[in-house]
Amino acid sequence: MRVHVVSDVHGNSRDLAAAGEGADALICLGDLVLFLDYADHSRGIFPDLFGAANAGALVELRTARRFEEARALGRRLWGELDAAGASRESVIEGAVRRQYAELFAAFPTPTYATYGNVDIPRLWPEYARSGTTVLDGQRVEIGGRVFGFVGGGLTSPMRTPYEISDEEYAAKIEAVGEVDVLCTHIPPDVPELCYDTVARRFERGSAALLQAIRTTRPRYSLFGHVHQPLARRVRIEGTECVNVGHFNATGTPYVLQW
């Protein structure tokens, strides 16, 4: 059995269309939407609306953890857009819908997917075709192994679309229970898995996920979210914890075989 795993696609539909080649199934751990590319400030919804210079300024403020200033910049720019007669919500949703139409069309059959923190779950049923199974707090058997899926991120200063409380996230982890492979968007709360060496900050990892790994001991814990982690792989209580990579940048899936 051969399964390919991707995360943090962020608009890379070209490579996504080929990500399932040679595999029996594709798993996607979320973050399909590209709002702002930290490496290329000309790509994404934000620069499309406000230009690469403003996108670069926003990245600089966020990287410096000057979140209040970043939010002030965003409020000013969105205020100008509102004054021109376009609401923030409708503009963003329209852009996200265009990306989703292209990205979901690129998924091979079968694909098993869960949400990332920048995704908008309520839109997914409109774009997930036959052959794409969306799971969140649920399990599925693939090739004789049980896979559990938990999507989304935890509340953070970034205020991305699909962030939930620690309690809500823990409930989804508990609902999944014992599995062979635990698939999440965010990592367990381990410093070297949570620190992004380029953004120069810790992303939020889950303590509930870490506890589940220690208690239920799945063969693998697979995740993404941290684009340039200090460590891509850590072994915990016999579980191989693997950041499957920043697919937007690499275009290469992680390969799981048994």
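**View 1. Arg-219 and Asp-180 meet in a salt bridge.** The closest N and O atoms of this pair are 3.9 Å apart; a salt bridge here is a side-chain nitrogen of Lys or Arg within 4 Å of a carboxyl oxygen of Asp or Glu. Arg-219 sits in the loop between α9 (207-216) and β12 (220-223), and Asp-180 in the loop between α7 (166-176) and β9 (181-184), so the pair ties together parts that are 39 residues apart in sequence. Helices (H or I, at least four residues) and strands (E, at least two) are DSSP runs, numbered from the N terminus. With relative accessibility of 45%, Arg-219 counts as partly exposed, and so does Asp-180 at 22%. Buried means under 20% relative accessible area, exposed over 50%, and partly exposed in between (1.4 Å probe, protein chains only).

A note before the next views: this is a predicted model, in which local features need pLDDT of at least 70 and side-chain atom pairs count only at pLDDT 80 or more, while totals for chains, interfaces and linings use all residues. Residues are numbered from 1 along each chain as its sequence is written, and side-chain values use heavy atoms, with hydrogens and water left out.

**View 2. Glu-80 and Arg-76 pair within helix α4.** Their side chains form a salt bridge of 3.2 Å, N to O. The two residues are four apart, about one turn of the helix. Glu-80 counts as partly exposed because its relative accessibility is 47%, and Arg-76 is partly exposed at 43%.

**View 3. Arg-233 and Glu-240 form another salt bridge.** Here the closest N and O atoms are 3.2 Å apart. Arg-233 is partly exposed, at 46% relative accessibility, whereas Glu-240 is buried, with a relative accessible area of 13%. Elsewhere, salt bridges that share partners link Glu-93, Arg-97, Arg-122 and Glu-126 into one network. The whole structure holds 15 salt bridges.

**View 4. Leu-32 belongs to the largest nonpolar core.** A nonpolar core is a set of buried Ala, Val, Leu, Ile, Met, Phe, Trp, Tyr and Cys residues joined through side-chain atoms within 4.5 Å. Leaving aside residues up to four places away in sequence, the contacts of Leu-32 include Val-9, Tyr-100, Phe-104 and Trp-124; contact means heavy atoms within 4.5 Å. A second, separate core of 18 residues includes Val-5, Leu-135, Phe-147 and Leu-222.

**View 5. Tyr-115 and Trp-124 form an aromatic pair.** Their rings are edge-to-face, 4.6 Å centre to centre with 65° between the planes. Rings of Phe, Tyr and Trp (its six-membered ring) pair if their centres lie within 6.5 Å; planes under 30 degrees apart count as stacked, over 60 as edge-to-face and the rest as tilted. Both residues are buried. Tyr-115 and Trp-124 also belong to one aromatic cluster with Tyr-100, Phe-104, Phe-107, Tyr-127 and Tyr-162.

**View 6. Helix α3 covers residues 52-63.** Its 12 residues should span 16 Å at 1.5 Å a residue, and the end C-alpha atoms are 16 Å apart, which agrees; the expected span is 1.5 Å times one less than the number of residues. Buried residues of α3, among them Leu-58, Val-59 and Leu-61, pack against α2 (45-50), α4 (67-83) and β11 (201-202). After α3 comes Arg-65, whose phi is positive, near 60°.
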